[in-house]
Amino acid sequence: MRLNRFLHFFLAFTLLLGIVSCSSDNDDEQEIFYGNGFLISNEGTFGKPEGDVTFVSADLNLKQDNIFSLNNGGAKLGDVLQMIAYRGENAYLLLNNSNKIQVVNRYNFKAVGQVTAELNSPRYMAFANNNMYVTNDKYGGAKYVSIYKASDGSFIKKISFTDAAERIVEAGNNIFVQNASFGFGNKISYINTSTNEVQSTITLPDGNINKIISNNQNVYAIAADAANSYIYQISSAGSITKTTTLTGIVDAKNLEISNGKFYFSSGKSVYAMDMTATTAPSTPLFTVANSVDQYSALYGFSVINDKIFTSDSNGFTQDSKIVVYSTTGAIIRAFTSGIGSNGVYPN
């Protein structure tokens, strides 16, 4: 197994030169090992089947675009690749406007299955207690979590909400649903995965939620009001256990955690602070360069070990620009990815 993976990765080095995509006619005949690197999810243009995935090697020297299409006979992945999740050797590619989850082998990107039942504008997904949980939030329509057996993707049930059903994370083998979207809403639903029922609703005392994440069996929510922003730590039992007030920092978003530090953005600026700190940083770690608009500037933001990945979506009119920074704010590498790059995932 290790020898095969080494040979696959060696082949990748011989096929890909520099930080450019490989596009020869024989791409679909070559098997490249996509482990030991990063996967970038590219939404594509809304209404067109342009979603796909970019692979970048761990040292950022090699890149291959459109790896689903390349490894599946030119097939189109679908419309709006919202996110990527992993379970075992499979990667789950959630397509928001195609209403499906495409399952592939995460190491060779060959398609192995699909989930389509009870999906209506799916947003995010998470795994817990041998089940798969997917938020669905149709604009002006139904908002719910659809639940499936992780083993075969068969539908179990749905849990409906009156508020938004946006991000979803696992902590302590339980599921937490962000009932807030686009900076409106302050509630999080806690689903007990033993019963698949809502156990409780957590209401944040200040601010509207911009994002929730999971780290070390806790849930963290970043929220903001007109004057300040807040980071809430929530236990896997559904209790708020700590609040960090980011005094004077407005509309903080894009919360990430790595090596004991919070990373987040406000406007075009990125901040870092120790998780144990009690005062907000006075200056940003760095500020991204000008973009076509502020919405595009930090469309994608991921922190993985000692690398900060930012994506400028360029107004969805051309390929995204990925800039990778060190945790001191120095630029390590810049390259292009697909249209609407929204996240980076270690593989």
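Colleague: How many bridges join E22 to E23?

Modeller: Two bridges join them, and the strands run antiparallel. E22 covers residues 269-274. Keep in mind that this is a predicted model.

Colleague: Which residue stands opposite Val270?

Modeller: That is Phe286, in E23.

Colleague: What holds paired strands together in general?

Modeller: Strands of a sheet pair through backbone hydrogen bonds, and the pairing can be parallel or antiparallel.

Colleague: Back to E20. Where is Asn259 found?

Modeller: Asn259 sits in the loop between E20 and E21, the latter being residues 261-266. Its phi is near 50°, which is a positive value in a residue other than glycine.

Colleague: Is Asn259 buried or exposed?

Modeller: Asn259 is exposed, because its relative accessible area is 66% and the cut-off for exposed is over 50%.

Colleague: What about Asn314, what is its phi?

Modeller: Near 55°, again positive in a residue that is not glycine. Asn314 lies in the loop between E25 (307-312) and E26 (321-326).

Colleague: Buried or exposed, that one?

Modeller: Buried, because the relative accessibility of Asn314 is 15%, and buried means under 20%.

Colleague: Changing topic. How many bridges join E13 to E14?

Modeller: Six, with the two strands running antiparallel. E13 is residues 174-181 and E14 is residues 184-192.

Colleague: How many residues lie between E13 and E14 in their hairpin?

Modeller: Two residues. Phe182 is in that turn, and it has a positive phi of about 55°.

Colleague: Then what does E14 do with E15?

Modeller: Six bridges join E14 to E15, residues 197-203, and the two run antiparallel. Ile188 stands opposite Ile202 in E15. E14 and E15 form a hairpin too, with four residues between the strands. In that hairpin Asn196 takes a positive phi near 55°.

Colleague: I was also looking at Ala180. Which strand is it in?

Modeller: Ala180 is found in E13. With a relative accessibility of 0%, Ala180 counts as buried.

Colleague: What is Ala180 in contact with?

Modeller: Leaving aside neighbours within four places in sequence, Ala180 is in contact with Ala164, Glu166, Gly185, Asn186, Lys187 and Ile209.

Colleague: And how far is Ala180 from Ser269?

Modeller: Their C-alpha atoms are separated by 23 Å, and the two residues are 89 apart along the chain.

Colleague: What are the contacts of Val112?

Modeller: Setting aside neighbours within four places in sequence, Val112 is in contact with Asn90, Gln102, Val103, Val104 and Asn105. As for Ala91, 21 residues away along the chain, its C-alpha is separated from that of Val112 by 9.7 Å.

Colleague: How many residues of E28 are buried?

Modeller: Five of its six, so this strand, residues 341-346, is mostly covered. Five bridges join E28 to E1, residues 37-42, and the two run antiparallel. Phe38 stands opposite Pro346 in E28.

Colleague: Now the whole chain. How many helices and strands are there?

Modeller: Three helices and 28 strands. The radius of gyration is 20 Å, close to the 20 Å that the globule rule gives for 347 residues, so the protein chain is as compact as a globular protein of that length. The C-alpha trace spans about 55 × 50 × 40 Å along its principal axes.

Colleague: What percentage of the residues count as buried?

Modeller: 54% of the 347 residues. The protein chain exposes about 14,800 Å², and carbon and sulfur atoms supply 47% of that area.

Colleague: Last one: how many positive and negative side chains?

Modeller: There are 25 positive and 28 negative side chains, and the centres of the two sets lie 3 Å apart.

Methods: Residues are numbered from 1 along each chain as its sequence is written. This is a predicted model: local features need pLDDT of at least 70, side-chain atom pairs count only at pLDDT 80 or more; totals for chains, interfaces and linings use all residues. Side-chain values use heavy atoms; hydrogens and water are left out. Two strands pair if DSSP finds at least two bridges between them. The radius of gyration is taken over C-alpha atoms; the globule rule is 2.2 Å times the number of residues to the power 0.38. Buried means under 20% relative accessible area, exposed over 50%, partly exposed in between (1.4 Å probe, protein chains only). Accessible areas come from the Shrake-Rupley method with a 1.4 Å probe; for residues, only the protein chains shown count as cover. Lys and Arg count as positive and Asp and Glu as negative; His and the chain ends are not counted. The place of a charge is taken as NZ of Lys, CZ of Arg, CG of Asp or CD of Glu. Contact means heavy atoms within 4.5 Å.
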